[in-house]
Amino acid sequence: MPTTEPNVSTLSDGAAESTAESTAEFDRRLVSRIQMGDGDALGELYDRYAALALGVALRVVHDPDVAEDIVHDAFLAVWRKIGGFDATRGSVRSWLLAIVRNRGIDRLRAQRPTIEVGEADEQALLRTDADPTLAAAIEQMSSAQLRAALDVLPDEQRQAIELAYFQGHTYRQIAEITGVPQGTANGRLRLALQKLRSLLIAADPWLASRDEAGRATDG
Amino acid sequence: MAELSCERVDELAAAYSLGALDRGETRAVVDHLRDCRSAHAEAHRLRSTVDALAGSAPPVTPRPELRERLMASVARTPQDAAGRPSPEPMRARPFDWLRPRAVQVFGVAAMAAVVLLAVVALQLQGRVGERDATLRAIASVLSSGGSLTRVDSAAGRGYLVRNGATTTLVASGVQPPAAGKIYEMWLIDASGVPTSAGVFTPRAGDLVVADVSGNLSRARTFAVTVERGRVERPTSEPIIVVPLSAPQ
């Protein structure tokens with residue numbers, strides 16, 4: 001199965017040479033170099049993930065100039081805070097995209113004065129990936145594959161995910177927007193993520209076999 | 001906000017993963033997950049699923065000026081003080097299927113029996129070259145305090161022969177793969193992440209003697225899959241799975 005490449009047009013020569021080793025291993029080495037103050041390594045990280053980051057930012061804020069500001073600020077946050085990044089908790093890619101998404105939501109929420117703006121980077125750093133195999137598999141999937149999985153969700157669940165993840169609404173606000181009880185709105189988010197997880201695992205034979213074995217062990 | 005029950009935390013896990021809680025609820029969930037002894041497996045699993053939402057956004061190539069602006073900012077921005085945050089009590093539960101099961105590691109007496117059996121088997125088959133390679137591998141294991149880990153599956157039987165920094169898969173009964181396919185070996189760490197450890201393509205009746213590349217000290221499982229060519233991640237269910245003992 002061919003690996004899913006990041007946007008090739010943004011890869012530097014150094015990053016392109018990484019195809020011989022695993023993406024995860026290459027990223028770990030980049031993180032180590034950035035932690036040692038290597039600015040070129042931050043540039044290589046940018047070359048690998050700027051297109052993904054800008055895609056997420058645009059999806060949230062829909063304004064190209066604001067989106068580019070968010071991407072700039074997110075990479076700069078990675079540069080500043082890399083000393084606190086623990087590679088055992090998750091990949092630098094997922095950390096970066098979480099910062100991008102959260103900063104985009106912060107911008108949206110700043111326009112809603114009644115809502116308390118969260119501490120995005122702190123929450124992102126506290127992430128603990130107890131499912132790193134799934135996380136690694138997701139990073140290999142194309143955006144089209146992931147969108148296809150989302151399209152399978154029932155409309156009300158997909159809408160709830162859109163309102164929460166890409167528009168930054170709380171489940172209480174989603175309940176108000178969609179005219180359902182808070183428990184229903186929360187339940188739709190829960191069902192949507194559970195369904196999405198099942199779809200992603202089912203799409204990958206390796207993950208499906210490991211998930212089967214894991215559930216057999218749980219008994 | 002009042003402390004949350006485990007049941008309530010599980011109900012809010014999805015909303016928390018999506019950042020769809022207000023600040024008070026978010027802090028209450030974080031505090032609970034940090035201090036609670038329950039696994040809250042769903043809370044941890046769903047957080048990885050949220051990564052898929054970021055990945056669903058189509059990539060967009062930025063203008064070149066953005067990179068220049070960023071690198072200029074990096075040049076004048078100091079990094080925060082190095083060092084990791086204080087240990088986070090929030091447990092990352094290891095991927096369940098990697099829990100070590102019975103790991104059969106043979107002592108010296110058993111290794112001697114293995115050597116004898118291997119020699120006899122190969123002599124009977126008249127394959128002198130492979131016998132010598134196998135004898136060298138096993139002899140060096142015996143002389144340097146290495147170890148053998150049994151490989152016993154429907155797809156093949158033999159041993160992982162570990163000797164210091166080198167590891168060799170020695171197995172018999174491995175059928176040639178279908179046309180256009182190969183066998184790929186994997187080392188899987190405690191988090192369930194697989195790393196390719198090499199490929200091999202046996203012929204019918206061959207004894208497999210394949211170098212396992214990579215760092216076994218971090219691996220918890222050895223596996224073999226059938227692939228269409230060397231790949232970065234397994235694409236199929238493994239045909240051989242061998243639990244490995246944790247480092248001493």
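**Close-up views of a predicted two-chain model**

**View 1. B:S73 is a buried serine in a helix of chain B.** The relative accessible area of B:S73 is 4%, so this residue counts as buried. The model shown here, and in every view below, is predicted. B:S73 belongs to helix α4 of chain B, which spans residues 64-76. Which residues does B:S73 touch, leaving aside those up to four places away in sequence? They are A:H72 and A:L76. Both partners carry the chain letter A, while the serine carries the letter B.

**View 2. Helix α11 of chain A crosses helix α3 of chain B.** On the chain A side, the contact involves A:R190, A:L193, A:Q194, A:L196, A:R197 and A:L200. Facing them from α3(B) are B:E42, B:R45, B:L46, B:T49, B:V50, B:A52 and B:L53. What classes of residue make up this contact? Seven are nonpolar, two are polar and four are charged.

View 3. Seen from B:C36, the closest cysteine sulfur is the one in B:C6. Across all chains, the disulfide count is zero. Are these cysteines buried or exposed? B:C6 is partly exposed, at 29% relative accessibility. B:C36 is buried, at 12%.

**View 4. Four strands of chain B form an open sheet.** The strand order is β1-β2-β3-β6, and the pairing is antiparallel. Which strands stand at the edges? They are β1 (147-153) and β6 (208-211). Each of these has a single partner strand, so one side of each is left without a neighbour in the sheet. From one strand to the next, the twist averages 20°. Now look at the pair β1(B) and β2(B). Strand β2(B) covers residues 156-163. Seven bridges join β1(B) to β2(B), and the two run antiparallel. In one of these bridges, B:S153 has B:G156 of β2(B) as its partner.

**View 5. Strand β8 of chain B has a covered face and an uncovered face.** This strand covers residues 240-243. Strand β8(B) pairs with β7(B), residues 219-227, in the antiparallel sense. Four bridges link the two strands.

**View 6. Chain A is built from helices, with zero strands.** How many helices does chain A have? The count is 12. From the N terminus on, its elements run α-α-α-α-α-α-α-α-α-α-α-α. Chain A has 219 residues, and 53% of them are buried. Consider next the contacts in chain A between residues at least 6 apart in sequence. Of these, 63% join residues at least 24 apart.

Methods: Residues are numbered from 1 along each chain as its sequence is written. Chains are lettered from A and ligands numbered from 1 in the order in which they are written. This is a predicted model: local features need pLDDT of at least 70, side-chain atom pairs count only at pLDDT 80 or more; totals for chains, interfaces and linings use all residues. Side-chain values use heavy atoms; hydrogens and water are left out. A disulfide is a pair of cysteine sulfur atoms within 2.5 Å. Buried means under 20% relative accessible area, exposed over 50%, partly exposed in between (1.4 Å probe, protein chains only). Contact means heavy atoms within 4.5 Å. Ala, Val, Leu, Ile, Met, Phe, Trp, Tyr, Cys and Pro count as nonpolar, Asp, Glu, Lys and Arg as charged, and the others, Gly among them, as polar. Two strands pair if DSSP finds at least two bridges between them. Axes are lines fitted to C-alpha atoms, for helices over the stretch in contact, and angles run from 0 to 180 degrees between N-to-C directions.
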